[in-house]
Structure formats: C-alpha cells, structure tokens
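This report describes one protein model, from its surface to its cores and its charged pairs. The sequence and structure come first.

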Amino acid sequence: MHKTYIDALSCADTVTQALRRGVFLNTAAGEKRNCMVIGWGELGRVWELPVFIAYVRQNRYTHELLERNGEFTVCVPVNGYEKQAFAVCGGRSGRDLDKFAAAPLTAVESEKVLPCAIREFPLTLECRVIYRETEETAKLPEEIRKRFYSVETEAHTAYYGQIVSAYLLEED
C-alpha cells in the first residue's frame with residue numbers, strides 16, 4: 001500500500017458529498033483509539049490554513065480522546081460504503097468495544113499524527129486541533145434546538161483541525 005499525496009482543498013467536493021452519508025473520524029490518545037461516523041463537518045481555509053472542522057458531541061468517547069490528544073484523521077469512502085463498518089462505528093461506543101476489530105477495519109499508520117488512516121476508506125486528512133469551541137445551544141434558534149438537542153449535554157464541540165497531510169491510500 002502506498003500514499004498518493006493530494007491537495008486537501010482540491011477534494012472539498014468529494015468530502016462534502018461523502019459527509020451526507022458519513023465519513024470516519026479517528027482519534028487516539030495513549031493506547032486508546034476510536035473511530036466514529038460523522039455527518040457534520042466543513043473543509044476549507046481558516047487563518048490562511050487548510051482546515052477540517054469536525055463537530056463532536058461532548059458526551060462521546062471521541063470527544064474525550066480529542067480533548068486528551070488534539071489530533072484526528074478524517075477517512076472518506078471513495079469506493080463505496082461498507083454497511084457493517086457504518087453500523088459498528090456509527091452505532092456503538094468505543095468505550096465498550098474495539099470498533100476496528102468489530103467493523104472490521106484495517107488501520108494504516110499515519111504520517112504526522114497518532115490517529116490512523118483506514119485502508120477501506122482511502123481519502124485521508126490528517127489534522128491537528130488548532131482551535132476548539134463548544135456550542136452554546138441556548139443561542140441557537142428554537143427549531144434547531146428542538147430538532148438536534150434534547151438535553152444540554154448533547155452540545156457539540158467544534159474542532160478546527162489544521163490539515164497537516166492529505167493523501168489517497170492505494171494498493172501497490
């Protein structure tokens with residue numbers, strides 16, 4: 001397997017389209033790692049840097065790991081969606097389960113961050129958090145609060161991840 005490096009912003013349309021069905025956000029801290037499916041995110045330029053902004057609920061295991069390490073990868077399906085991987089990583093907690101084994105997913109060592117890439121979802125953005133902000137749900141319009149936030153602990157933290165490497169994983 002080799003990595004073909006790409007300009008992260010050149011794949012913005014692909015990432016945006018994939019977010020509608022879900023992409024994988026990977027985190028790690030110490031010996032712990034986790035993978036979750038996200039449908040909210042943004043890819044663009046902030047402070048003249050390529051950035052992926054990931055929104056993670058405060059009560060998620062991924063949030064705990066991001067607070068400890070501040071690095072993540074975004075792995076995007078480009079060759080189709082594997083239903084089992086989405087079911088496991090989108091519906092189970094990494095606190096109780098090794099999602100990589102259960103999905104199953106193949107971890108690939110990243111270049112510049114601790115969280116891994118995923119062979120099955122080859123478009124990879126490696127990110128380091130440069131800013132974070134927790135939503136103040138009370139400031140949201142009532143219709144959004146009712147639809148997305150049943151309790152205050154479900155607020156998201158927006159993690160602004162500077163993209164430090166971007167590539168496609170390709171078979172040799």
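## Surface patch

W47 is exposed, with 52% relative accessible area. The residue sits in the loop that links β4 (41–46) and β5 (49–57). Together with I130 and Y131, W47 makes a nonpolar surface patch of about 310 Å². The model is a predicted one, and every value here is computed from it.

## Hairpin and helix

Strands β2 (residues 23–29) and β3 run antiparallel and are joined by seven bridges. In this pairing, L25 stands opposite M36 of β3. The two strands form a hairpin with two residues between them, and G30 in the turn has a positive phi of about 60 degrees. Strand β3 (residues 32–38) is largely enclosed by the rest of the structure, because five of its seven residues are buried.

Helix α3 (residues 83–91) has A85, F86, V88 and C89 buried. What do the buried residues of α3 pack against? They pack against both β2 and β3, and also against α4 (99–102).

In soluble globular proteins, nonpolar side chains tend to be buried together. The largest nonpolar core here has 25 residues, and L25, F52, F72 and L125 have the most contacts inside it. At least two residues of this core come from each of α1 (12–19), β2, β3, β5, β6 (71–76), β9 (123–134) and β10. Another core lies apart from it and has 18 residues, among them V37, A103, V108 and F121.

Leaving aside neighbours within four places in sequence, L125 contacts A8, C11, L43, F52, F72, T73, V74, I163, S165 and A166. One of these partners, S165, belongs to strand β10 (residues 156–170). S165 is buried, at 8% relative accessible area. Not counting residues up to four places away in sequence, S165 touches Y5, E111, K112, T124, L125 and E126.

Side chains of opposite charge can pair when their charged atoms come close. The structure holds nine salt bridges. In one of them, the side chains of E111 and K3 meet at 3.0 Å, N to O. E111 lies in the loop between β7 (107–108) and β8 (117–118) and K3 lies in strand β1 (residues 2–5), so this pair ties together parts that are 108 residues apart in sequence. E111 is partly exposed, with a relative accessible area of 42%, whereas K3 is buried at 19%.

A salt bridge also forms between the side chains of E71 and R128, at 3.3 Å, N to O. With E71 in strand β6 and R128 in strand β9, the pair ties together parts that are 57 residues apart in sequence. Is E71 buried or exposed? E71 counts as buried, at 13% relative accessibility, while R128 is partly exposed at 33%.

## A helix pair and a network

E142 forms a salt bridge with K146, and their closest N and O atoms are 2.9 Å apart. Both residues lie in helix α5 (residues 142–148), four residues apart, which is about one turn of the helix. E142 is partly exposed, with a relative accessible area of 44%, and K146 is exposed, with 64%.

Technical notes:
Residues numbered from 1 in each chain as written. Predicted model: local features only at pLDDT ≥ 70, side-chain atom pairs only at ≥ 80, totals over all residues. Heavy atoms only, no water. Buried < 20%, exposed > 50% of the residue type's maximum accessible area, 1.4 Å probe, protein only. Pairing = 2+ DSSP bridges. Contact = heavy atoms within 4.5 Å. Patch = residues over 30% accessible without salt bridge, like charges linked within 9 Å, V, L, I, M, F, W, Y side chains within 5 Å. Areas by Shrake-Rupley, 256 points an atom, 1.4 Å probe, with all protein chains shown as cover. Salt bridge = Lys/Arg side-chain N within 4 Å of Asp/Glu carboxyl O. Core = buried A, V, L, I, M, F, W, Y, C linked by side-chain atoms within 4.5 Å.
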